[in-house]
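Q: Hi! Could you walk me through this model in plain words?

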Amino acid sequence: MGILNVTPDSFSDGGDFMDMGVAVAQSLVMAAEGAAIIDVGGESTRPGSSEVTAREELARVLPALEAIREVEPGVLLSIDSYKAEVAHHAIAAGAVIINDVHGLQRDPEIASVAARHKVPVVAMHWDKARDAGKPLIDEMRRYFDRTLDIASRAGIVRERLILDPGFGFGKTLTENYALLRALPELHTYGLPLLVGMSRKSMLGRLLDNEPRERLAGTIATSVIAYLHGAQLFRVHDVAANRDALRVAAAALYGPPRTET
């Protein structure tokens, strides 16, 4: 999953892709590098960022979705939004996945939108009210149990759900790395796991570097997450992560039969 932020204030690439021609060009690059999904977001979730209205978010994402669908119909489009109104219109514009950073627990209508349109949902863990005195995995299970209940009551079939542990969202540096080690404990849900650690502060605080200097760290987290069973990887730098994951897969299962 390649990241395309059409925002002025995202932590790593804020403002880079506000121009629609540049945004489309970036999506073509990511698709050529092996991205199966382009995740389009119109509201930054970095610490300290301001929320935007649905109207403003739609003004950012709809032109991007429509333009990408026009030039690259083979790539799947995802809308990175927790707002039901945005998700509904984004699907009409070509999005086929909803990526909700609030795990269906912020806007009560978004689960109904997903069920009505029969699209997959990435439900991320971001629990600002969790009990920090309890084990993180236990609190995540409580949160995801609620997400699954919301999805079920709305009519979303279980096979359309993907869980995202939410690295960097409401978690300390120590908790992020403990969570990376503990990913296998989330397989009890029997659902695909998507991970997103690309260029995040959990890397920068460890390596003391800037977002664009975190490629090596990102690759390390992608490979470790893959070895722990993650199946989808949300990244800025598609080609490098793809190559690293191909090597990891060959090490585990052998190279493709067409290679010697």
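This is a predicted model: local features need pLDDT of at least 70, side-chain atom pairs count only at pLDDT 80 or more; totals for chains, interfaces and linings use all residues.

Q: Great. How many helices and strands does the protein chain have?
A: The protein chain has nine helices and eight strands. Both are DSSP runs numbered from the N terminus, helices being H or I with at least four residues and strands being E with at least two.

Q: And what is the radius of gyration of the protein chain?
A: The radius of gyration is 18 Å, close to the 18 Å that the globule rule gives for 260 residues, so the protein chain is as compact as a globular protein of that length. The radius is taken over C-alpha atoms, and the rule is 2.2 Å times the number of residues to the power 0.38. Along the principal axes, the C-alpha atoms fill a box of roughly 45 × 45 × 40 Å.

Q: What share of the residues is buried?
A: Of the 260 residues, 51% count as buried. Buried means under 20% relative accessible area, exposed means over 50%, and partly exposed is in between (1.4 Å probe, protein chains only).

Q: What about the contacts in the protein chain, how many are between residues 24 or more positions apart?
A: Such pairs account for 65% of the contacts with a separation of 6 or more. A contact here means heavy atoms within 4.5 Å.

Q: Let's go inside. Which residues have the most contacts in the largest nonpolar core?
A: Ile38, Val40, Ile98 and Ile156 do, in a core of 65 residues. Helix H5 (residues 136–154) gives the most to this core, with eight residues. Apart from it lies another core, of six residues, among them Met1, Ile37, Val122 and Leu194. A nonpolar core is a set of buried Ala, Val, Leu, Ile, Met, Phe, Trp, Tyr and Cys residues joined through side-chain atoms within 4.5 Å.

Q: Which residues is isoleucine 98 in contact with?
A: Leaving aside neighbours within four places in sequence, its partners include Ile79, Ile91, Ile110, Val113 and Val121.

Q: Switching to the backbone: which phi does leucine 104 have?
A: Leucine 104 has a positive phi of about 70° although it is not a glycine. Most residues other than glycine have a negative phi. Leucine 104 is found in the loop between strand S4 (97–100) and helix H4 (110–117), and is buried at 3% relative accessible area.

Q: And what about phi of arginine 199?
A: Phi of arginine 199 is also a positive value, near 60°. Arginine 199 sits in the loop between strand S7 (194–195) and helix H7 (201–207), and is buried, with a relative accessible area of 9%.

Q: Now charges. How many salt bridges are there?
A: The count comes to 14 salt bridges, each being a side-chain nitrogen of Lys or Arg within 4 Å of a carboxyl oxygen of Asp or Glu. One of them joins aspartate 39 and arginine 234, with the closest N and O atoms 2.8 Å apart.

Q: Where do aspartate 39 and arginine 234 lie?
A: Aspartate 39 lies in strand S2 (residues 37–41) and arginine 234 in the loop between strand S8 (232–233) and helix H9 (238–253), so the pair ties together parts that are 195 residues apart in sequence. Aspartate 39 is buried at 0% relative accessible area, and arginine 234 is buried at 16%.

Q: How far apart in helix H5 are arginine 153 and aspartate 149?
A: They are four residues apart, about one turn of the helix. Their side chains meet in a salt bridge of 2.9 Å, N to O. Arginine 153 is exposed, with 59% relative accessible area, and aspartate 149 is partly exposed, with 38%.

Q: Last one: which residues form the nonpolar patch on the surface?
A: Leu227, Leu252 and Tyr253 form it, with about 360 Å² of accessible area together. Leucine 227 is in helix H8 (residues 215–227). Patches are made of residues with over 30% relative accessible area and no salt bridge, with like charges joined within 9 Å and nonpolar side chains (Val, Leu, Ile, Met, Phe, Trp, Tyr) within 5 Å. The areas come from the Shrake-Rupley method with a 1.4 Å probe, and for residues only the protein chains shown count as cover.

Terms used
Residues are numbered from 1 along each chain as its sequence is written. Side-chain values use heavy atoms; hydrogens and water are left out.
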